[in-house]
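Open the model in your viewer and keep a selection panel at hand. The stops below each give something to select and say what is there.

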Amino acid sequence: MDKSDSSKRPTIARLWRGRTTTAKADDYERYIHDHGIKPLKEKALAVQLFREDRAGESEFITISYWEDIQAMSRFAGVDPTRIHHLERDAEFLVE
């Protein structure tokens, strides 16, 4: 693989987790896709969204892949290690 290809390899995988009630899970999945995943797809090398349904709640896990901290900073701001909640997360999430 030449240098130009290797520069696109992720060196960072950023993981985010959130839980919501079963009753809100479908609505939250649509919300997180439209307002979280779509913007990430424009900046990150790749993004994955996982959902695990359990008795009474659903857990969502988002993994985004980045070239480096500078790439994350261009998306997340000065401190890319800080948690960035979506505007309506408080409405959906149980923690």
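**First stop: R14**

Select R14 and R82: the side chain of R14 reaches the backbone oxygen of R82 at 2.8 Å, a polar contact (a pair of N or O atoms within 3.5 Å; within protein, one must be able to donate a hydrogen and the other to accept it, and residues adjacent in sequence count only if both atoms are side-chain atoms). This is a predicted model, in which local features need pLDDT of at least 70 and side-chain atom pairs count only at pLDDT 80 or more, while totals for chains, interfaces and linings use all residues. Residues are numbered from 1 along each chain as its sequence is written, and side-chain values use heavy atoms, with hydrogens and water left out.

R14 lies in strand β1. Strands (E, at least two residues) and helices (H or I, at least four) are DSSP runs, numbered from the N terminus. With 21% relative accessibility, R14 counts as partly exposed; buried means under 20% relative accessible area, exposed over 50% and partly exposed in between (1.4 Å probe, protein chains only). Leaving aside neighbours within four places in sequence, its contacts (heavy atoms within 4.5 Å) include T62, S64, W66, M72, P80 and H84. P80 is 66 residues from R14 in sequence, yet the two C-alpha atoms are 9.6 Å apart.

**The sheet**

Switch to cartoon and select β1 (residues 12-21), β2 (residues 46-54) and β3 (residues 57-66). They form an open sheet of three strands in the order β1-β3-β2, with antiparallel pairing. β1 and β2 are at the edges with a single partner strand each, so one side of each has no neighbour in the sheet. From one strand to the next the twist averages 15°, where axes are lines fitted to C-alpha atoms, for helices over the stretch in contact, and angles run from 0 to 180 degrees between N-to-C directions.

Two strands pair if DSSP finds at least two bridges between them. Here β1 and β3 have 10 bridges, and β2 and β3 have nine. In the hairpin of β2 and β3, two residues separate the strands, and G56 takes a positive phi near 90°.

Select S58, which lies in β3 and counts as buried at 0% relative accessibility. Its side chain makes a polar contact of 2.5 Å with the side chain of D53. Next select E59, also placed in β3 and counted as buried, at 8% relative accessibility. A polar contact of 2.5 Å joins the side chains of E59 and R54. Beyond four places in sequence, the contacts of E59 include R17, R19, F50 and R51.

**Helices on the sheet**

Show helix α2 (residues 22-43), which lies across β1, β2 and β3 and runs at about 5° to β3. Helix α3 (residues 69-76) packs on the sheet as well, touching β1 and β3, with its direction at about 40° to that of β1.

**Cores and rings**

Select W16, A25, Y28, Y31, I32, F60, F92 and L93, the eight residues of the largest nonpolar core. Such a core is a set of buried Ala, Val, Leu, Ile, Met, Phe, Trp, Tyr and Cys residues joined through side-chain atoms within 4.5 Å. α2 gives the most to this core, with four residues. A second, separate core has seven residues, among them L40, A44, W66 and A71.

Finally, display the rings. The structure holds five aromatic pairs; rings of Phe, Tyr and Trp (its six-membered ring) pair if their centres lie within 6.5 Å, and planes under 30 degrees apart count as stacked, over 60 as edge-to-face and the rest as tilted. The ring centres of Y28 and Y31 are 6.2 Å apart and the planes are at 40°, so this pair is tilted. Both residues lie in α2, three residues apart, about one turn of the helix. Y31 and F92 are stacked, at 5.5 Å centre to centre and 25° between the planes. This pair links distant parts of the chain, with Y31 in α2 and F92 in helix α4 (residues 89-92), 61 residues apart. Ring pairs link Y28, Y31, F60 and F92 into a cluster.
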